Amino acid sequence: MFNGLVAYLDSIKARDPAPRSRWEILLYPGLLAVGMHRVAHWLFEARLFFLARFINHLSRFLTAIDIHPGARIGAHLFIDHGFGVVIGETAEIGDNVSIYQGVTLGGTDPANGIGGKRHPTLANDVIVGSGAQILGPVIVNARARVGANAVVTKDVPEGAVMVGIPARSTLLDATEYAREFVPYGTPCSETFDPATQKVELLQCQLDLMQKQLKALLDERELGVVDDEAPRRKGSRTRA
């Protein structure tokens, strides 16, 4: 158990440059919230729902992080800062997932779910940026990144970087950025909103068309000048 705790603390330190020691990480609200959720989930599985909810509400009071006792969480979940994080009852989270403040793993109408599944599933090594909303029984596959304030309502491919409302995949190659941990889910110096990319492409095409049009007009004016030159020369000869 002690070795497991040390491994957990080290996994957080690898993803957060702020702490100077493991002792400092023990004060993180995300760590307390996940620890209390383990207890609440055990009570929930034992059908001691009132006690599970009591632990849940106590955890929310102490940390401002709301994790339903029914949610299934894997190893080494890191909730960084954490204020305002909400994780729903049927949410499932894999190993080494990182979640920032203000994230919601929200549910949909039970009638629209699959076998009562109303909340998202996050596979291993997923990063969810601050303020992101992942809604419904969607699957965010391994190593995917959800950028800050993105709204995800459809399944996310493995290794994708999702940004925007609704969230769309950027053109960034996963093999280039997935070698190291990427804070907040998006390598900001290397990726842009897909809508911005489309506008830039249209601007490039417009610039090219303007250059081609200018070349045609210049060529036409040159041709007119060449045609008029012999006429002017002939008129002078007759004079």
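The side chain of Thr-90 gets to within 2.9 Å of the backbone nitrogen of Arg-118, a polar contact in the sense of an N or O pair within 3.5 Å, one atom able to donate a hydrogen and the other to accept it, with sequence-adjacent residues counting only if both atoms are side-chain atoms. The model is a predicted one, with local features needing pLDDT of at least 70, side-chain atom pairs counting only at pLDDT 80 or more, and totals for chains, interfaces and linings using all residues. Residues are numbered from 1 along each chain as its sequence is written, and side-chain values use heavy atoms, leaving out hydrogens and water.

Thr-90 sits in the loop between β4 (86-87) and β5 (92-93); helices (H or I, at least four residues) and strands (E, at least two) are DSSP runs, numbered from the N terminus. With 17% relative accessibility, Thr-90 counts as buried (under 20% relative accessible area; exposed is over 50%, partly exposed in between; 1.4 Å probe, protein chains only).

On to the aromatics: searching the whole structure turns up two pairs, where rings of Phe, Tyr and Trp (its six-membered ring) pair if their centres lie within 6.5 Å, and planes under 30 degrees apart are stacked, over 60 edge-to-face and the rest tilted. Tyr-28 and Phe-78 have ring centres 6.4 Å apart and planes at 20°, so this pair is stacked. It links Tyr-28, in the loop between α2 and α3, with Phe-78 in strand β3, 50 residues apart. Both Tyr-28 and Phe-78 are buried. For Phe-44 and Phe-49, centres 5.2 Å apart and planes at 65° make the pair edge-to-face. Phe-44 is buried at 18% relative accessibility, while Phe-49 is partly exposed at 37%.
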